[in-house]
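Hello,

Here is the structure I promised to hand over. Please have it open while you read; my notes follow below.

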Amino acid sequence: MSFSKVRIVLALLCAVSVFLFPWWVTLITAFALCVRYRAWEIVPIALAFDFMWLPSLSLSWGGLPLATLTAFALLIIFEPLRRELLTGSALPR
Amino acid sequence: MQPRRPSFTRSATRDTSVARNFVFLALIVAGIFLVDHVSQGVMRSSLKEFGGLASATVASVVNTLPSAHGFATRASIIEENKALQDALARRAEEDARFEALRAENETLRALAKVAAAETGGVSASVLSSFSTSPYGTFVIGAGARHGVQLDATVLTPSGFLLGKIIAVQDRTATVEALFAPGKEIEAVINDVPLLLHGRGGGNARGEAPRDAALKKGDVVTIPSFARRPAGLVVELNVASSSAVTTLFIRTPTNLDTLRFVYVVQ
């Protein structure tokens, strides 16, 4: 697992945006991380987002931890795409 | 020298490893949610406290920046613009509040009851932007030590319903907006009951019978919150083939410039 400067900066920005910036900043930085890296760190960041802003955890639409689910979805979707199409298989994971 | 494994087996091994890591991570996340639920939100409240303090710290730093040399002129214009927008929004809100009070007064006169005045409340600063959370929640700078309680009602300075307290920490509290995305709430407009669906940002949508006597500017009240006003009807749409009128409701307060709220105990 590589931690380049870009990845560290994006991850820090994603984490800080949970508390200080609009939600779409968090989403864009998580998206950028997943495009380039197998960024498992977006899962704890998304978990912090849901703990911070989710009113209450429930099975109804308004109670689903959307940030955590979105983080897992981004990891699943971009795993094959990142490997084969976006960055090539030769680049470090 | 051992023969090199074919690439497809190395790929399969890597895929299995990734899938195993993924499942492991999902189980950890589920466990964390379970622990938080069992502990009745201990982890959640700690994070909310930290987040609220972080927002307050950043807000205080940002507020001191305009006074620095080089930013003063532009900052003063920006500040004046913001103040004028705020004043305009407050004036519109006061007009709406006047209409709401007039309607309430007429109702109370007809019922020969006396309206109770608001007693016991706390003013609190808004620490986070309304656009930070997609769930319609925001953080205020008043908590348990200021007397804020769970399920307390939160009002705008002009008395319009904004939401209720859903989590209380020592110095901060989390508010869920009345018109949070996906939230449903029963409302009354000119004695017409209807169900409103929150759209976030102080907006909501509802449907009323086509022949209901409703118009733009009508005040929306919420029975479950002592019939306090929550918004105004800003638009009505009725299709010629439809039996219902779609109403678009909006809180008259400019949420982007709202700095203080009032928590009613």
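**Sheets of chain B**

In chain B, six strands close into a barrel in the order 6-7-8-11-10-9, and their pairing is antiparallel. On average, neighbouring strands of this sheet are turned by 40 degrees against each other, direction ignored. Some terms first. Helices (H or I, at least four residues) and strands (E, at least two) are DSSP runs, numbered from the N terminus. Two strands pair if DSSP finds at least two bridges between them. Axes are lines fitted to C-alpha atoms, for helices over the stretch in contact, and angles run from 0 to 180 degrees between N-to-C directions.

This is a predicted model: local features need pLDDT of at least 70, side-chain atom pairs count only at pLDDT 80 or more, and totals for chains, interfaces and linings use all residues. Residues are numbered from 1 along each chain as its sequence is written, chains are lettered from A and ligands numbered from 1 in the order in which they are written, and side-chain values use heavy atoms, with hydrogens and water left out.

Strand 6 (residues 184-189) and strand 7 (residues 192-200) of chain B are antiparallel and share six bridges. B:Val188 faces B:Pro193 in strand 7 of chain B.

B:Ile222 is opposite B:Arg228 in strand 10 of chain B.

Chain B also has an open sheet of six strands, with the order 1-12-3-4-5-2 and antiparallel pairing. Its edge strands are strand 1 (121-125) and strand 2 (137-140) of chain B, each pairing on one side only. The twist averages 35 degrees from one strand to the next. Within chain B, strand 3 (residues 153-155) and strand 4 (residues 161-168) run antiparallel and are joined by three bridges. B:Leu155 has B:Leu161 in strand 4 of chain B as its bridge partner.

**Where the chains meet**

How many residues of chain B are in contact with chain A? There are 34, and they touch 30 residues of chain A (contact means heavy atoms within 4.5 Å). The two chains bury about 2900 Å² between them, 75% of it on carbon and sulfur atoms. Buried area is the accessible area (1.4 Å probe) that two parts lose on being put together, summed over both.

Zero salt bridges are counted between chain B and chain A. A salt bridge is a side-chain nitrogen of Lys or Arg within 4 Å of a carboxyl oxygen of Asp or Glu. On the side of chain B that touches chain A, helix 1 (7-38), helix 2 (42-64) and strand 2 of chain B each give two or more residues. Helix 1 of chain B gives the largest share, twelve residues.

**Salt bridges**

Over all chains, the count is nine salt bridges. One of them joins A:Glu79 to A:Arg38, with the closest N and O atoms 2.9 Å apart. A:Glu79 lies in helix 4 (residues 66-86) of chain A and A:Arg38 in the loop between helix 2 (23-36) and helix 3 (42-53) of chain A, so the pair ties together parts that are 41 residues apart in sequence.

Best wishes
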